[in-house]
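Here are my notes on this one, in numbered points. Have the viewer open as you read.

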Amino acid sequence: MAEEELRIGVFVCDCGLNIAGSVDTEEVRLSAEKLPDVTVSVRNRYTCADPGQAEIKRYIKEYNLNRVVVASCTPRLHESTFRKCVEDAGLNPYLLEMTSIREHCSWVHLYDRESATKKAKDIVKIAVARARLLQPQHEMEIPVTDAALVIGGGVAGIQAALDLADAGHQVYLVEEKPSIGGIMAELDKTFPTMDCSICVLGPKMMDVGRHPRINLMDYSTVESVSGYVGNFKVRIRRKARYVDETVCNVCGKCAEVCPVVLPDEFQQGFSSRKAAYIAFPQAVPSAFLIDMEHCLGNKPVACAKCMDACEKKCIDLHAQDRITEVEVGAIIVATGMDVYDPAQLDEYGYTLFENVITSMEFERLICGGGPTEGHLVRPSDHKTPKRIGFIQCVGSRTENRGNPYCSNVCCMNTVKDSLLIKEHDPEAEIVVFYMDIRAFGKGFEDLLRRSRDAGVRYIRGLPGEIREDPVTKNLLVKVENTTTSRIEQYDLDMVVLSVGMEPKASLKKLMSVLNLSQTSDGFLMEAHPKLRPVDAPTPGIFYAGCVEAPKDIKDSVTQAGAAAARSSILLNSAVLKGEAIKAIVDLEKCNSCGVCARVCPYGAMKVDIKAKSGAQVVAAACAGCGTCAAECRFDAITMQHFSDAQVLAQIEAALENDPEQKIITFLCNWCSYAAGDLAGVSRMQFPPNNRFIRTMCSGRVDESFILRAFEKGAPVVLLSGCHLGDCHYISANHWTMRRADKLWNKLEKLGIRPERLQLEWISAAEGARFAQIMRELEEMRQKVTVDEMAYGRKVIAEQRRKAEKEPEVEDELTDAAKV
Ligand code: FES
């Protein structure tokens, strides 16, 4: 390949007016034509469309191109499209370089055509510099384990598990509670069809329990996950139930004799259960368990009345948690959400007034299977309430109390509840206080009309506070009716707080186990909000239900079906094409120091330090973050497709002209680059002086890249990546941080202001912050003096020449090895 004549084709996209509206694409094309090894430079109206792709293929053949540069939208959107396109024309897909002149240029410099054009020319120049050094890569084939893990046994998890099992795949369904069913099992009726929630869910729960291909792991949690797409190894803790669920016949004798009385969580505390209990009558698995936290004790056994009463002898008070390990090819996360707790801020006197209840408590009070067998009574005196108020958006759509987002289901849930009350008591007076009613789904408006026709009053305005009459326990609600602009007062028997949804408290832990990220609302972040809405950014992991965002039952089931279908596509492949971006070791240079093995987040580097046999890469485990290559002080590791030579060529191309004007910005593919894309999509404007260099992870950014940028005259360098804890390569960016620390010290020692190197963690959801950082960097750039830049260039060049003569291996090695 080294002797091959380079023939590069550059394709500059207008993207209609999306790019051509603020960039002179013809000028960009002409400038690309003059770059070294460019054989042909072409402008397309829409490069990604069929005619655009056909043109690329035609030019590859006609001009015998062996490298292709596409300058269009973000590679995060269409890199795979163009890789496929060049592959169809007979080129290795890794001989394509795609670069963004839309999200990172035309959309963020909408009103400065001259600067945007100048920047676009640089962007193409940087891409061509990299393309000249691209090498063909080959994706390895990875066998796929035909089994799936579904985490969460609510309606979404149930649906996903059934769909996958029906499609012929082995499924492990892990549910942390003693029964599957989730929040849907606690609801009375569902909107808009008003059918009984447990009547529609119960049969599905039973299908799960008896499906031959579903291994239901109730009362269990996922402890750890290792491996990668197609080959995950999962460690699951099965908590001791102390009752053998395969033998228990639900006779209930254990509960009859159990002396411990506790509030029944399923009934929202309106009734009690024993320490020996079943989660709810329709529970799956249908079996009792012992609540050991409240049992009188098993060390030594203090009571054991349940054991004596159990005819099946299926109680073992000395049972232990069990650890099970399973291997799966795909994972569906369906852990659902929490309901907002108004007690946190004592909203509307929730903790003070007995007759202020939440919408979840209302579900149990009106349910035939609830503590009052469906007779709606108010908690203070068990009388039937005649005047009931609903307050909407409790914990939702507010910046200072609860969460800023709309919880999506509360409006329709209240509409449903109002009709349920009317079914029980047509004379009941119901008033709903709201900001605006969101009835956007199929059949929703119709249900709202039915509620209004039944006499339910909808008052636009949220009460400021509620007072209680200490004698009657009635509630006085004062509200400004914003439709009439009048202050109104209501005397109500009971108030229902329509509480919103929020991410589960336990989600953080699961995120760290699965290496997932969250959006600013705290729910899980998708690989792409529109085009890959059920995929996690980590390959092989999918989302179903409210773990991704608040949604109703129908949408949860729909998303579960989609996640199962996406998983099934993966599981049906006998082998997967793995990433070609992997580390390779030059054994001649490697001195077996073991640093690469220490920094690799995947344990993909194996080094026998004593045998000095050189580092070995476990290719299937290598995820391609590049941390090993950045930390290796012997230059013994090459990151395929992100080699030192390629990145250094990009830096040099970026700084060839007017380096004092440019800010070199290293962005990691998954977070900070994506944040740049979001800034572009949102048309957030910032100065055009930055030049972006993408690496898969910030962990790849070698010290030498940053020093080279300063040597070539960059006034400011930004190193950016995912927030700590969010790195898509587990902990790789911790090494980025250490490296930056080390560099700041080094710069200081050399007499260079350390502030000229900035480090920022930017999540994919932080487009606005990305734009703000770009503005701040430009302010910083303007303060770097010409003398400072000249001095930096000189000392770093001297330092490099010296290091080339006498490598300072010992010193560097000690630093990395210390950690
Ligand atoms: Fe973003 Fe590692 S992937 S810092």
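1. Start with Val 150, whose bridge partner in strand 7 is Leu 173. The two strands involved, strand 6 (residues 147-151) and strand 7, run parallel and are joined by five bridges. Between them the chain passes through helix 7 (residues 155-166), and this β-α-β crossover is right-handed. Right-handed here means that, with the strands pointing away from the viewer, the path from the first strand over the helix to the second runs clockwise. Helices (H or I, at least four residues) and strands (E, at least two) are DSSP runs, numbered from the N terminus, and two strands pair if DSSP finds at least two bridges between them.

2. A word on the ground rules: this is a predicted model, where local features need pLDDT of at least 70, side-chain atom pairs count only at pLDDT 80 or more, and totals for chains, interfaces and linings use all residues. Residues are numbered from 1 along each chain as its sequence is written, and side-chain values use heavy atoms, with hydrogens and water left out.

3. Strand 7 (residues 170-174) also pairs with strand 10 (residues 214-217), in parallel and over four bridges. Val 174 has Met 217 as its bridge partner there. Strand 7 is mostly covered, with four of its five residues buried. Buried is under 20% relative accessible area, exposed is over 50%, and partly exposed is in between (1.4 Å probe, protein chains only).

4. Next, the open sheet of three strands, in the order 24-25-26, with antiparallel pairing. Strand 24 (465-468) and strand 26 (486-492) are the edges, each pairing on one side only. Neighbouring strands are turned by 25° against each other on average, direction ignored; the axes are lines fitted to C-alpha atoms, and angles run from 0 to 180 degrees between N-to-C directions. Strand 25 (residues 475-481) meets strand 26 over seven antiparallel bridges, and Leu 476 stands opposite Asp 491.

5. Which residues of helix 19 are buried? They are Ser 672, Tyr 673, Ala 674, Ala 675, Gly 676, Asp 677, Ala 679 and Gly 680. That is eight of the ten residues in helix 19 (residues 672-681), so the helix is largely enclosed by the rest of the structure. Arg 683 follows helix 19 and has a positive phi, near 55°.

6. On to charges. The count comes to 58 salt bridges, taking a side-chain nitrogen of Lys or Arg within 4 Å of a carboxyl oxygen of Asp or Glu. One network links Asp 14, Glu 26, Arg 29, Glu 33 and Arg 43.

7. Glu 27 and Lys 121 form a salt bridge at 2.9 Å, N to O. Glu 27 sits in helix 2 (residues 25-33) and Lys 121 in helix 6 (residues 113-131), so the pair ties together parts 94 residues apart in sequence. Both ends are partly exposed: Glu 27 has a relative accessible area of 34%, and Lys 121 has 25%.

8. Lys 386 and Asp 425 also meet at 2.9 Å, N to O. This pair links two loops, 39 residues apart: Lys 386 lies between helix 11 (359-366) and strand 21 (387-394), Asp 425 between helix 12 (410-424) and strand 22 (429-434). Lys 386 is partly exposed at 42%, whereas Asp 425 is buried at 13%.

9. Last, Lys 746 and Glu 703 make a salt bridge at 2.9 Å, N to O. Lys 746 is in helix 21 (residues 732-750) and Glu 703 in helix 20 (residues 703-711), so parts 43 residues apart in sequence are tied together. Lys 746 counts as buried at 15% relative accessibility, and Glu 703 counts as buried at 5%.
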